[in-house]
Amino acid sequence: MDGLRLLVLSGSEREGSFNKRLAAAAGQAAQAAGAHVAPLDLRALALPLYDGDIEKAQGVPDGARTLRDALLACDAVLLSTPEYNGFPPPLVINSFDWLSRLAAEDGRPSGLATTANRPVGVLAASPGLLGGLRSLNFTRQYLSMAFAMLVVPQQFALARAGEAFDEHGALRDAKQQAAVENVVASVLRVAGALKSA
Ligand SMILES: Cc1cc2nc3c(=O)[nH]c(=O)nc-3n(C[C@H](O)[C@H](O)[C@H](O)COP(=O)(O)O)c2cc1C
């Protein structure tokens with residue numbers, strides 16, 4: 001697993017976001033397993049809410065290119081995302097919807113060609129009792145069905161996220177930490193197998 005490049009995304013970038021913390025904890029687990037970790041701030045892509053009139057007038061915004069290039073540069077992805085009303089939040093859907101509109105250009109593949117066959121592990125965190133579990137099936141379906149990503153079977157939903165982290169951002173509960181490491185190990189295993197195939 002040494003040397004694999006992992007792109008780490010959070011579906012929330014708000015100050016104090018539990019998903020940002022869970023994504024960081026997963027990234028640290030990946031680093032401990034020998035991977036190179038690159039976080040990307042989806043909010044900083046500054047993508048407007050998808051609108052066909054914006055696309056017609058201005059083309060696909062550069063933020064989508066930043067996401068494509070970050071995906072091109074990685075062997076696998078980790079995504080920790082909140083659940084809004086049982087569904088992945090607009091930041092995730094909107095970022096990937098714009099990515100899907102990006103055609104091949106300048107010797108670089110289209111957004112959809114970039115995601116295809118790229119392994120991804122999905123996580124969720126919520127202050128609630130289910131930890132965002134209800135949204136994970138939709139996240140999984142969205143990334144695999146529409147983007148042809150290889151969503152690994154292992155996943156983790158962190159419940160009661162408000163109490164889960166210590167002051168250093170580490171998970172207090174060893175079982176929860178092991179569950180995160182399980183997702184990370186699975187993603188790295190698939191990415192490593194694909195790389196050496
Ligand atoms: C519009 C909205 C809908 C929400 N729906 C859910 C939900 O369906 N399930 C849940 O567990 N939490 C729900 N929450 C609470 C979020 O889990 C909580 O705000 C969480 O802190 C968001 O993740 P973050 O900390 O990474 O920003 C919702 C929050 C918002 C703003």
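Colleague: Which residues form a nonpolar patch on the surface?

Modeller: Leu129, Leu130 and Leu133 do, with about 310 Å² of accessible area together. Keep in mind that this is a predicted model.

Colleague: Where is Leu130 found?

Modeller: Leu130 is in the loop between strand E4 (119–125) and helix H6 (133–146).

Colleague: New topic, the ligand. Which residues come nearest?

Modeller: Ser12, Arg14, Ser17, Glu83 and Ser126 come nearest, out of 13 residues around the ligand.

Colleague: How do the residues of that shell divide?

Modeller: There are 4 nonpolar, 6 polar and 3 charged residues in the shell.

Colleague: How much of the ligand does the protein bury?

Modeller: The protein buries 70% of the 620 Å² that the ligand exposes when taken alone.

Colleague: On to salt bridges. How many are there?

Modeller: The count comes to 10.

Colleague: Start with Arg65. Which side chain does Arg65 meet?

Modeller: Asp62, in a salt bridge of 2.8 Å, N to O. Both residues lie in helix H3 (residues 62–72). They are 3 residues apart, about one turn of the helix.

Colleague: What does Glu105 pair with?

Modeller: Arg68, through a salt bridge of 3.1 Å, N to O. Glu105 sits in the loop between helix H4 (90–100) and helix H5 (111–115), and Arg68 in helix H3, so the pair ties together parts that are 37 residues apart in sequence.

Colleague: Is Arg68 buried or exposed?

Modeller: Buried, because its relative accessibility is 3%. Glu105 is partly exposed, at 21%.

Colleague: Which residue forms a salt bridge with Lys195?

Modeller: Asp75 does, and the closest N and O atoms are 3.4 Å apart. This pair links distant parts of the chain, 120 residues apart. Lys195 is in helix H7 (residues 174–196), and Asp75 in the loop between H3 and strand E3 (76–80). Asp75 is buried, at 13% relative accessible area.

Colleague: Last one. Which residues do shared partners join into one network?

Modeller: Asp62, Arg65, Arg68, Asp69, Glu105 and Arg108, through salt bridges that share partners.

Methods
Residues numbered from 1 in each chain as written. Predicted model: local features only at pLDDT ≥ 70, side-chain atom pairs only at ≥ 80, totals over all residues. Heavy atoms only, no water. Near = heavy atom within 4 Å. Areas by Shrake-Rupley, 256 points an atom, 1.4 Å probe, with all protein chains shown as cover. Nonpolar A, V, L, I, M, F, W, Y, C, P; charged D, E, K, R; others polar. Patch = residues over 30% accessible without salt bridge, like charges linked within 9 Å, V, L, I, M, F, W, Y side chains within 5 Å. Salt bridge = Lys/Arg side-chain N within 4 Å of Asp/Glu carboxyl O. Helix = DSSP H or I, 4+ residues; strand = E, 2+ residues; numbered from the N terminus. Buried < 20%, exposed > 50% of the residue type's maximum accessible area, 1.4 Å probe, protein only.
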